[in-house]
Amino acid sequence: MEFMTPRWKGKGSAAIAEANPMSQIILQLQSMLVQQETHAILCDFAALLGADPDAADLLNRACFGRQINTYSNNKQWFQLGMEEVFYMRHQLQCLKVVRENDQPMNDPELWKYIASKNPAFPEHYKAYAHLRRKNWVMRPGTQYGVDFVAYRHHPALVHSEYAVIVVAEGNGNQNGARLNIRSDVQCSVRVCGSVAKTLLEISVNRNGCEASLPSCLEKFTVEERVITRWLPEQCRDG
């Protein structure tokens with residue numbers, strides 16, 4: 001993946017980010033949630049997590065979930081997206097997930113539940129986890145017509161650099177057909193250019209796996225592809 005020059009939001013933002021690596025913030029969050037035996041409540045296509053002030057601070061700094069205006073029992077509540085809740089449960093192993101009736105869910109049960117709601121979830125999660133493990137902050141990209149936007153650090157410190165579209169290759173869910181049409185590619189690139197972002201296509205191939213269990217993720221392969229406009233004036237000699 002080609003790296004752009006980060007557009008920091010204010011004087012001193014780069015220094016703050018350097019002094020507080022996202023990897024270290026996530027490790028602190030992971031340790032705290034494990035110690036507190038934190039659980040999230042699954043509600044349709046989202047999960048609600050109640051956090052004490054210290055955990056809430058780390059959730060905000062690590063950019064997991066969206067803080068909602070509900071405060072009860074000395075807890076601040078967060079709404080987690082499906083990629084986020086499964087990443088915290090499966091990858092970080094710092095979160096328990098229960099149904100609304102308090103029945104706990106293991107990884108396969110949670111995976112099957114989410115995939116039943118969104119057939120494209122296996123590819124979307126693989127792309128999300130692929131970039132999150134590289135310490136990119138991933139947020140929803142609906143407002144730009146993409147799947148995710150990727151930040152080098154906290155959105156309060158820096159603008160997002162990549163608009164991410166997930167493409168299913170092989171026998172996966174064919175949501176990637178959107179970029180098989182030249183006009184769609186041109187439109188996406190123009191939109192990204194107008195908001196100073198680079199279009200990043202994440203191609204996920206299931207390699208024949210049925211994706212019925214989270215263990216299939218080990219067989220998935222990921223390819224990154226940066227898509228930009230060709231500008232003739234930048235390619236001339238002399």
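Trainee: Which strands make up the open sheet of five, and in what order?

Mentor: Keep in mind that we're looking at a predicted model. The order is 7-8-9-10-11, and the pairing is mixed.

Trainee: Which strands stand at the edges of that sheet?

Mentor: Look for strands with a single partner. Here they are strand 7 (137-140) and strand 11 (221-227), so one side of each has no neighbour in the sheet. From one strand to the next, the twist averages 30 degrees.

Trainee: How do I read a pair inside the sheet? Take strand 9 and strand 10: in which sense do they pair, parallel or antiparallel?

Mentor: Parallel, with eight bridges between strand 9 (residues 162-169) and strand 10 (residues 198-205). To see what "opposite" looks like, find E169 and then N205 in strand 10, which it faces.

Trainee: Okay, now strand 2. Is it largely enclosed or left open?

Mentor: Count the buried residues, meaning those under 20% relative accessible area. In strand 2 (residues 46-51), five of the six residues are buried, so the rest of the structure largely encloses it.

Trainee: Which strands does strand 2 pair with?

Mentor: One is strand 1 (residues 39-43), which runs antiparallel to strand 2 and is joined to it by four bridges. Within that pairing, A40 has L49 of strand 2 as its bridge partner. Another is strand 4 (residues 75-80), also antiparallel to strand 2, with five bridges. There you can pick out L48, whose bridge partner in strand 4 is Q79.

Trainee: What happens at the turn between strand 1 and strand 2?

Mentor: Those two form a hairpin with two residues between the strands.

Trainee: Let's do a helix. How many residues of helix 4 are buried?

Mentor: Seven of the ten, so helix 4 (residues 82-91) counts as mostly covered. The buried ones are M82, E83, E84, V85, F86, Y87 and M88.

Trainee: And what follows helix 4?

Mentor: Q93 does, and its phi is positive too, near 55 degrees. You'll find Q93 in the loop between helix 4 and strand 5 (96-98).

Trainee: Is Q93 buried or exposed?

Mentor: Compare its relative accessible area with the cut-off: exposed means over 50%. Q93 has 62%, so the label is exposed.

Trainee: Which residues does Q93 touch, apart from its neighbours within four places in sequence?

Mentor: V34 and M88 are in contact with Q93. Now try distances between C-alpha atoms: Q30 is 63 residues away from Q93 in sequence, yet 7.8 Å away in space. For S31, which is 62 residues from Q93 along the chain, the separation is 9.9 Å.

Trainee: Where does S31 sit, and how exposed is S31?

Mentor: S31 belongs to helix 2 (residues 22-35). With a relative accessible area of 35%, S31 is partly exposed.

Trainee: How do I zoom out to the whole chain?

Mentor: Start with the elements: there are seven helices and eleven strands. Then look at burial, where 45% of the 238 residues count as buried. Next come contacts between residues at least 6 apart in sequence: 62% of them join residues at least 24 apart. Finish with the accessible surface, about 12,500 Å², of which 47% belongs to carbon and sulfur atoms.

Technical notes: Residues numbered from 1 in each chain as written. Predicted model: local features only at pLDDT ≥ 70, side-chain atom pairs only at ≥ 80, totals over all residues. Heavy atoms only, no water. Buried < 20%, exposed > 50% of the residue type's maximum accessible area, 1.4 Å probe, protein only. Contact = heavy atoms within 4.5 Å. Areas by Shrake-Rupley, 256 points an atom, 1.4 Å probe, with all protein chains shown as cover. Pairing = 2+ DSSP bridges. Axes fitted to C-alpha atoms, helices over the stretch in contact; angles between N-to-C directions.
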